[in-house]
Structures are given as C-alpha cells and as structure tokens.
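Here is a short briefing to read with the model open beside you. It starts with a pair of helices and then moves on to strands and single residues.

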Amino acid sequence: HLVMDLDPRLGQVRADPGQMEQVTMNLVFNARDAMPGGGELTIQTRNAELDETFAHRHAGVRPGPHVMLAVRDTGRGMDDEIQPHIFEPFFTTKDRSKGTGLGLATVYGTVTQSGGCVTVSSQLGQGTTIQIYFPRVEETIEVIETPKARPESLEGGETILVVEDDDAVRNMTREFLKIRGYTVVEAKSAAEAVQLLERHQGPIHLVLTDVVMPGMKGHELGERLASLRPGMKVLYMSAYTEDAIVNYGMLIPGTAFIEKPFSPDELAGKVREVLDAKRDNLGAEYLHHG
C-alpha cells in the first residue's frame, strides 16, 4: 500500500531533478525489498527547521530552514549493528544475486554533494524510515528549456537481445522495443543469454543488458557475448547512476549506457544511437546527465 504524504507548500531546494528521481527510486526499491510479504510504503515531504543540536550531530549541516524527504516502510527493519554500515559501498543485507550494496551509497553521495544529509531510524520487525534534508533556498526558480523533440526516426527493424532478471522490467522493455518495430529475444540471466546466443540462428544486432546480473556482472556478460558474435553492439542499463557504476569498477568509462527508469522514447533514442554509431566510435560514447 502506497501512501503519499506531500506538503503542498513545500519550500525550494537546489538539486538536480534527475539525481533526486534516482535517490527516490533507490529508497523505494530498498523499502519494497524489505517487505517481501507486502506492507505500507510512505513517501513524505515537509518543511523542517533544523536546530543547533541536530547540526552538531550531523557533520556539514547548518541550522536553519530545510526541506525533508522521507521514505518509510513497515518491513523487516534493521538492528543497531547493521544501521551504521548501510551507506557504505558494497554493504548489503540482500543476497548477492539481488543487490550490489551501491543503492544507499549512491543516495548518500548524491545527497551530501548537494549540501544535504541523510538520517536513518529502524527497528527489527518494525520497519525503517530514511529521511533526507536539503537546505531551503529562496531564489527564483530557474526555468530550463525542454529539449526539442528528436527529428530523426526512432524506429528500427533490428533484432535485440534483452537480458534482465526482473520480469516486470524485462517485459516492459520488450514492449517498448516491439512498439518501435524491433524483434526482441529475451534472457533472464547471464547463463541463459550465453546459451541463447549460441543456439540462435539469426542475427542479433544489439544486446541490452542490466549491469547487475545474477552469476555474472554485466560487463563480463557483454564481453562474453561480443566474443561469440563479433560486431554485435552492447548497451548497458542500470538503476544506479553512470558515475556510480564507473566509480565502483562495474563499467569502464565511455561504455554505452542508459539509466533506469527510462521512457519509451529515451530507450528508443539510445538504442538507435548505439546501433547507428560507427564501430570505431563506440568506445568514446558517453551518455551525459543534466
């Protein structure tokens, strides 16, 4: 059950909208995973005044007006031994096939770089609340022009192998691509992708694979598949930011990459960009974030 408790008179903060979307998604994914049998997920926003006592307990925080974003679940919760470690890179309480431990580390890094702070409150069997505070600003909101629509066609007729262990994400991605005219074959794991490619008789022009895959990292899978089909192109996708997965050695800089969640047009545009790029230019390809 999703509860949205949003303050209609919320103050302004200075932060990148795309990064904040990613922060929220990471927190929501963690809350969902903490409630495998269901529960209540609450997303709350409100204005807050942080005092000297709070600022003293949290390095880098100045007392004064802030905006708070909280994500609360009624899941398993965490004990006092685990809580101090949850923002450390690669620390995870999940099975290694289900997570990398980068989600909360990415949240922490993004928030602190934007001048904010993160707090966590949790009890075993009672759930977890993660609160994010950003300094409130009074400046006029900057109006950012919406990029013009792509003039080029986003349609295609090539065959794409989608490798994704999450059934819902894989099904959605398949439909996005089929609507644009692509032929799609699917695999749920790295091992299944390798087997499919070995027995598939027709051409496969591009592999679209998650970076975090059970049994094999995405870049290892991409290299393995490319060795089986020289000339085949690879596009990586992840719910983690490009900076995070590059910094933690999961992908090399310049690898073709798209960040989840993506819209149908964003996916179609990136797929078309990778397919149309000259082979020599693939290594220099970057996806810039706003």
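Predicted model: local features only at pLDDT ≥ 70, side-chain atom pairs only at ≥ 80, totals over all residues.

Axes here are lines fitted to C-alpha atoms, for helices over the stretch in contact, with angles from 0 to 180 degrees between N-to-C directions. Helices (H or I, at least four residues) and strands (E, at least two) are DSSP runs, numbered from the N terminus.

- α4 passes α8 in a right-handed crossing, meaning that the near helix is turned clockwise from the far one by less than a right angle.
- On the α4 side, the contact (heavy atoms within 4.5 Å) is made by Thr 173, Phe 176 and Leu 177, and on the α8 side by Pro 264, Leu 267 and Val 271.
- These contact residues divide into 5 nonpolar, 1 polar and no charged. Nonpolar covers Ala, Val, Leu, Ile, Met, Phe, Trp, Tyr, Cys and Pro; charged covers Asp, Glu, Lys and Arg; the others, Gly among them, are polar.

**An open sheet with a helix across it**

- An open sheet of 5 strands runs in the order β1-β2-β3-β5-β4, with mixed pairing; two strands pair if DSSP finds at least two bridges between them.
- β1 (2–6) and β4 (117–123) stand at the edges with a single partner strand each, so one side of each has no neighbour in the sheet.
- On average, neighbouring strands of this sheet are turned by 20° against each other, direction ignored.
- β1 pairs with strand β2 (residues 41–50) in the parallel sense over 5 bridges, and Asp 5 has Gln 44 as its bridge partner in β2.
- Thr 42 is found in β2 and counts as buried at 9% relative accessibility. Buried means under 20% relative accessible area, exposed over 50%, and partly exposed in between (1.4 Å probe, protein chains only).
- Beyond its neighbours within four places in sequence, Thr 42 is in contact with Val 3, Ala 70, Val 71 and Arg 72.
- Helix α1 (residues 17–33) lies across β2, β3 (64–73) and β5 (127–135), running at about 35° to β3.

**Around strand β8**

- Strand β8 (residues 206–210) is mostly covered, with 5 of its 5 residues buried.
- Leu 206, Leu 208 and Asp 210 point one way from β8, while Val 207 and Thr 209 point the other way.
- Strand β6 (residues 159–163) pairs with β8 in the parallel sense over 4 bridges; in β8, Thr 209 is the bridge partner of Val 163.
- β8 also runs parallel to strand β9 (residues 233–238), joined by 5 bridges, and Asp 210 has Met 237 as its bridge partner in β9.
- Thr 159 sits in β6 and is buried, with a relative accessible area of 10%.
- Not counting residues up to four places away in sequence, Thr 159 touches Thr 183, Pro 203, Ile 204, His 205 and Leu 206.

**The chain as a whole**

- The protein chain has 8 helices and 10 strands, and buried residues make up 45% of its 290 residues.
- Of the contacts with a separation of 6 or more, 69% join residues 24 or more positions apart.

**How the values were made**

- Residues are numbered from 1 along each chain as its sequence is written, and side-chain values use heavy atoms, leaving out hydrogens and water.
- Local features need pLDDT of at least 70 and side-chain atom pairs count only at pLDDT 80 or more, while totals for chains, interfaces and linings use all residues.
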